[in-house]
Structure formats: structure tokens, C-alpha cells
Amino acid sequence: MSASLIVQKFGGSSVANPERIQRVAQRVVETKRQGHQVVVVVSALGDATDELLELARQISHEPPERELDMLMATGEQVSVALLAMAIEELGEDAISLTGAQVGILTDGTHTKAKLIDINARRIFEELAKGRIVIVAGFQGVTMTQDITTLGRGGSDLTAVALAKALKAELCEIYTDVEGVFTADPRIVPTARKLSAISYDEMLEMASLGAQVMQARSIFVAKRFEVPIHVRSSFISREGTMITKAAKAMEDVVVSGVTLQKDEAKVTIRDVPDKPGMAAQIFRELAGKDINVDMIIQNVSREGSTDVSFTVVKHDLAATLRVARSVAQRIGAGEVTTDEGIAKVSIVGIGMRSHSGVAAKMFEAMARERVNIEMISTSEIKISCVIRKTHAERAVRAIHRAFGLGKR
Ligand code: ADP
Ligand code: ASP
Ligand code: MG
């Protein structure tokens with residue numbers, strides 16, 4: 001519609017207290033006064049989502065996911081209202097809307113609902129009145145009026161999907177770092193800011209733990225070629241552009257190192273070593289919407305074998321239920337869990353055509369005496385499961401080994 005429509009998303013840390021909300025309001029108002037139409041997406045204040053989840057945990061060991069969504073969605077309702085007030089204070093017209101009010105329609109997979117459609121009409125109507133529209137991130141509504149959420153970090157997805165639906169010129173993601181770095185700058189102080197990164201690399205980095213962007217949001221951005229600018233909400237310097245082709249990447253083998261700590265390892269012991277066992281285990285997990293990440297099967301001994309795999313901790317309770325019931329049915333042994341793991345990965349499109357990349361990564365860890373428990377590789381990434389206590393040290397060593405730091 002309008003050529004100058006911009007979607008601006010502000011993460012939790014950008015709106016952690018009243019002063020920051022006021023600062024965000026100023027930035028939004030400036031953008032409006034430069035002649036743009038502005039649609040703002042906001043996350044819950046600071047750690048509000050975690051605090052709500054903690055409250056739920058104090059009440060219930062395994063809260064119903066529908067009620068978790070009902071609870072978590074309140075976080076964003078607080079921040080949109082406060083930001084609208086702050087903008088009104090600065091003399092501009094603003095209106096806050098929940099996901100349901102906007103018409104962000106999702107399926108009913110509570111806590112990780114999938115987008116079905118966005119009804120842009122209400123937003124366009126409000127923009128036409130000269131208002132700044134503030135949309136609650138992370139939430140949607142089903143056809144039957146149940147409130148859903150889009151998975152952790154889901155405000156990024158709200159922003160990208162809105163940018164697509166509204167045909168915005170740009171989707172700006174404001175956060176507490178200056179852009180996308182070669183590694184989490186909180187772990188690797190020498191990490192370097194990338195001026196540009198391709199959708200493919202960002203998707204891989206996000207999927208492997210670079211939480212600066214939610215992976216699902218990049219999937220959507222890539223599909224509809226939504227241009228994204230990740231930048232700091234505290235400093236006005238340029239951040240990182242995420243686009244189709246980032247040509248600076250051509251001669252770079254590895255573009256980043258990532259760390260994931262939210263997975264757990266599950267082991268089913270003494271699985272009968274005969275056809276169909278793995279199929280049965282993983283079919284039943286898939287049937288419960290559980291995504292399995294890495295899988296290893298140990299060498300068979302005396303007709304049985306141990307099968308280990310990783311899942312996100314969020315799914316651990318459900319995974320154990322399924323695994324124990326399958327184990328019993330197929331005559332396998334006990335099911336054990338290990339939450340002390342972490343996964344370090346390297347990502348880079350250039351890895352395809354280079355040999356020795358894996359060796360370099362393993363050597364970097366060997367020098368640090370970090371033991372590797374599981375390995376998985378693809379054309380553009382290598383991941384290793386290690387002890388969580390070694391995680392940060394391993395990330396720094398790998399980052400150094402590939403010369404990714406500031407030059
Ligand atoms: P927001 O609340 O703004 O959505 P998030 O906490 O979700 O912010 O994401 C920003 C955080 O992502 C940063 O504070 C940083 O610690 C972390 N991060 C992890 N990997 C990277 C990376 N490669 N580049 C930049 N930030 C990263
Ligand atoms: N508040 C939600 C979360 O913490 C959504 C977001 O921040 O993007 O996951
Ligand atoms: Mg985030």
C-alpha cells in the first residue's frame with residue numbers, strides 16, 4: 001500500500017522499564033515524523049515472560065499448554081498499552097492491539113502455534129487515521145477464539161509476518177546488541193558485527209542457538225524476501241542487514257559459532273537390534289509434535305543397542321512419557337535423561353567446498369580438553385554435543401581457531 005510503511009520491533013530488554021519505554025516511544029515518533037507510517041511490534045517487558053512461566057511452575061508441574069498461552073500472552077498486553085501511552089504523551093496518536101484484535105490467525109498448537117493468516121484491514125484503517133499502530137508480539141488467536149503463542153522469541157515472527165502482510169518497505173528489529181555477530185557477544189567479547197548476512201546463514205545460526213532472531217521468523221522472511229535490519233535500540237549506528245544474497249560471504253568459510261543450552265539428551269537402553277525399532281520410537285515422538293534433534297545409536301552388543309537423542313527441554317516431560325511407553329512395548333530397557341549437555345555449532349555456506357573444517361573445530365576443542373559426545377554435520381553446519389560446563393570455553397576456542405574475531 002504505502003511505500004513508506006516500516007515495521008519496528010522492540011524486544012523485551014528494549015522495554016524493560018519506564019525510561020526505556022519512553023526512549024522507544026521517542027524513536028517511534030521520530031520515524032513517524034520523518035514521514036513514515038509506523039507499525040510497532042513489542043515483546044513483554046524485560047523478563048516478564050520467564051517470570052510468568054515461573055509462576056505457572058509454582059502452581060503446576062506440567063501446566064496445560066492452553067493456559068500457558070493465556071498466561072504468557074498477558075505479558076505483551078502490558079507492554080503495548082504502556083508504549084501507546086508513552087507515544088500519546090509525546091503528542092502522537094497511537095493505538096495498541098492484541099494479536100486477536102489484529103486478526104493474527106493461528107492453528108491450535110499451543111505454545112508453538114503456526115500462523116495461518118493475518119488480516120491487515122484493522123491496521124490499515126488505524127494507519128489511515130494517522131495513528132501509530134502497536135501490535136502485541138508473540139501471540140495470535142485460533143479460529144475458535146483461543147489465544148495462542150508463537151514459540152519463544154515469537155515477536156520476531158509477528159514483526160516479519162506483519163511486514164509481509166502489510167507490504168512494508170523494511171522490518172527493523174531493535175534489540176540489546178548492535179546486530180548479528182560472529183558469536184554471541186556476551187560469550188565472546190571479540191565477536192565481530194556482520195554488516196550483512198544471508199537468510200540461509202541466519203536461519204542456520206538462529207536454529208542453532210543465536211537467539212538474536214527467532215529461527216521461524218527467518219524462515220518466513222526468506223520465503224517472502226522481507227528485508228530485515230537488526231540493530232541496537234540504544235545506539236543509532238547501522239546494524240546487520242539480513243537479505244537474500246550477502247556477497248561479502250563468498251570467501252568466508254565459517255560465518256559464526258553458536259551455542260544452544262536448552263536441549264536434553266534422552267537414552268533408551270537395550271533396544272532390540274532388529275528392523276523397525278527406530279521407526280517406532282521416532283514415529284510416536286513425531287505423533288506428539290516432538291522435534292528430535294541429534295540421534296546416535298551405539299554399536300550393537302548381544303542383540304541390543306542404546307539409542308540416544310536430544311530434544312528441547314520444553315518437550316522433555318512429554319518425550320519421557322512417550323519413550324517409556326514405547327520402550328516397554330518393544331522390550332527395551334530403562335530410559336534415562338541428561339540435562340547437563342550443550343551444543344556448539346559452526347555455520348557457514350562456504351563450508352560446502354572446503355575440507356578440514358570439521359578437523360579444525362575438533363582440534364580447537366581437543367586443545368581445551370573438551371570431550372565431544374555427539375556430532376552431526378550438514379553442508380553448512382557442524383554441531384557437537386559437549387558438557388554444558390565447558391560450553392563457553394569451547395565457543396571461544398572455536399571462534400579463535402577460525403579467526404572470526406575483530407581484525
Ligand atoms: P530481544 O529481547 O530484543 O528479542 P533477545 O535476547 O531475544 O533480545 O536476543 C538478543 C540476544 O541474542 C543478545 O543479547 C545476545 O546475547 C544474543 N545472541 C546470541 N547469539 C548472537 C549473535 N550471533 N549475534 C548477536 N546476538 C546474539
Ligand atoms: N516475550 C516472548 C518471549 O520472551 C516473545 C519475544 O520476546 O519475542 O519469548
Ligand atoms: Mg528475541
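1. Start with ligand 1 in this predicted model: one of its oxygen atoms sits 3.5 Å from a polar backbone atom of V212, a polar contact (a pair of N or O atoms within 3.5 Å). A polar side-chain atom of T175 is 2.7 Å from an oxygen atom of the ligand, and a backbone N or O atom of F181 is 2.9 Å from a nitrogen atom of ligand 1. On its own, ligand 1 has 580 Å² of accessible area, and the protein covers 89% of that (Shrake-Rupley method, 1.4 Å probe).

2. Who else is around ligand 1? There are 19 residues around it, with T175, D176, F181, D184 and R186 coming nearest; to count, a residue needs a heavy atom within 4 Å.

3. Now ligand 2. A polar side-chain atom of E76 lies 2.7 Å from a nitrogen atom of this ligand, while a polar backbone atom of S155 is 3.0 Å from an oxygen atom of ligand 2.

4. Is M85 buried or exposed? M85 is exposed, at 51% relative accessible area (exposed means over 50%, buried under 20%, partly exposed in between; 1.4 Å probe, protein chains only).

5. On reading the numbers: residues count from 1 along each chain as its sequence is written, and ligands are numbered from 1 in the order in which they are written. Local features need pLDDT of at least 70 and side-chain atom pairs 80 or more, while totals for chains, interfaces and linings use all residues, and side-chain values use heavy atoms, without hydrogens and water.

Terms used:
Polar contact = N/O pair within 3.5 Å; in protein donor to acceptor, adjacent residues only side chain to side chain.
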